[in-house]
Amino acid sequence: QDLTGGKINGEKIFVPKLEQKQYGFSVGGPIIKNKLFFFANFEKDDRVDSGSDWIPNTGSGGVNESRVSLSDMQDVRDKLLELGYEPGAIQGFTYNTESTKGIIKLDWNISDKHRLAVIYNFLDASKEKPAHPSALGFRGPSANTIQFENAGYQINNNLHSFLAELNSNIGDNTTNKFQIGYSVFDDFRNPLSSPAPSITIQENGSNYIIAGHEPFSINNKLDQKVFQFTDNLTHFVGKHEFTVGISFEKFSFGNSFNLGSYGARGVFFPTSG
């Protein structure tokens, strides 16, 4: 946060605690001398960012103050708590971004004519975000609209991929490459809110305060699976090479999207303060 500006046009702005951590390692070497080798790489990146660049209005005149008054936000929060719903913090909250990825590879010199490589790589990533800023009307956070913390959601991306490759020399002028792989992609969302309607409070005909469940993040997921193999036989004749082969790929997916399954509530806010 010390590298983030604390003023705009000479006016102080609120800057929450922000940080980023990156670390990783690579290691490789022989398992069996001149025969079997391994390589592994691991990386992790964690980042914390401000949940909103805008803060409720307290009359201080700050350049990042919205029109939404802090007292209105507090009144709405108190009422939702009375109803048994936790909308999250009003200001000063942060959202997290996390990424963990790695690769493991084995190389096996089976013989002078055959070499096998087996590779596995993975990605486990997530990012917390505010509710969609423009879908279903402009929903902020902005100079006109403020969201509670739990109106946001976490988007997740998981990948697991396996690949095996066999390279073979068949005689002096012929080679063969065989590859087979399988990949799984899982993309899904975790709402920051407990089950609740999406709540939009308006003032003077425009969105004012956003609370409740993010409307696009209810069982929103995409699962993909890909299986493939390729086999190519190459023959060299002088300056020419001839390749004949086969390739196969099978792709399957499951997609789910449930908009506003918990319903939506629109409320008119007649006055501020």
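Trainee: Is Thr100 buried or exposed?

Mentor: The general idea is a cut-off on relative accessible area: under 20% is buried, over 50% is exposed, and partly exposed lies in between, with a 1.4 Å probe and protein chains only. Thr100 has a relative accessible area of 16%, so Thr100 is buried. Please note that this is a predicted model, in which local features need pLDDT of at least 70 and side-chain atom pairs count only at pLDDT 80 or more, while totals for chains, interfaces and linings use all residues. Residues are numbered from 1 along each chain as its sequence is written, and side-chain values use heavy atoms, with hydrogens and water left out.

Trainee: Where is Thr100 found, and which residues is Thr100 in contact with?

Mentor: Strands (E, at least two residues) and helices (H or I, at least four) are DSSP runs, numbered from the N terminus. Thr100 belongs to strand E7. Contact means heavy atoms within 4.5 Å. Setting aside neighbours within four places in sequence, Thr100 is in contact with Phe42, Glu43, Lys44, Phe122, Leu123 and Asp124. For Glu43, the C-alpha to C-alpha distance to Thr100 is 5.9 Å, although the two are 57 residues apart in sequence.

Trainee: How many helices and strands does the protein chain have, and what share of its contacts joins residues 24 or more positions apart?

Mentor: The protein chain has one helix and 16 strands. Of its contacts with a separation of 6 or more, 67% are between residues 24 or more positions apart.

Trainee: What radius of gyration does the protein chain have?

Mentor: This value is taken over C-alpha atoms, and the globule rule is 2.2 Å times the number of residues to the power 0.38. The protein chain has 27 Å, whereas a compact globule of 273 residues would have a value near 19 Å. Along the principal axes, the C-alpha trace spans about 85 × 40 × 35 Å. Buried residues are 32% of the 273 residues.

Trainee: How many aromatic pairs does a search of the whole structure find?

Mentor: Rings of Phe, Tyr and Trp (its six-membered ring) pair if their centres lie within 6.5 Å; planes under 30 degrees apart count as stacked, over 60 as edge-to-face and the rest as tilted. The search finds nine aromatic pairs. For Phe216 and Phe257, the ring centres are 6.4 Å apart and the planes are at 15 degrees, so the pair is stacked. Phe216 lies in the loop between strand E13 (206–212) and strand E14 (218–237) and Phe257 in strand E15 (residues 240–258), so the pair ties together parts that are 41 residues apart in sequence. Phe216 is buried at 15% relative accessible area, whereas Phe257 is partly exposed at 47%. Ring pairs also link Tyr120, Phe122 and Phe162 into a cluster.

Trainee: Where does Tyr85 lie, and which residues does Tyr85 touch?

Mentor: Tyr85 lies in the loop between helix H1 (70–82) and strand E7 (94–109). Tyr85 is buried, with a relative accessible area of 9%. Not counting residues up to four places away in sequence, Tyr85 touches several residues, including Leu80, Asn150, Gly212 and His213.

Trainee: Is His213 buried or exposed?

Mentor: His213 is buried, at 4% relative accessible area. His213 has its place in the loop between E13 and E14. Beyond four places in sequence, the residues that His213 touches include Tyr85, Pro191, Ile218 and Tyr262.
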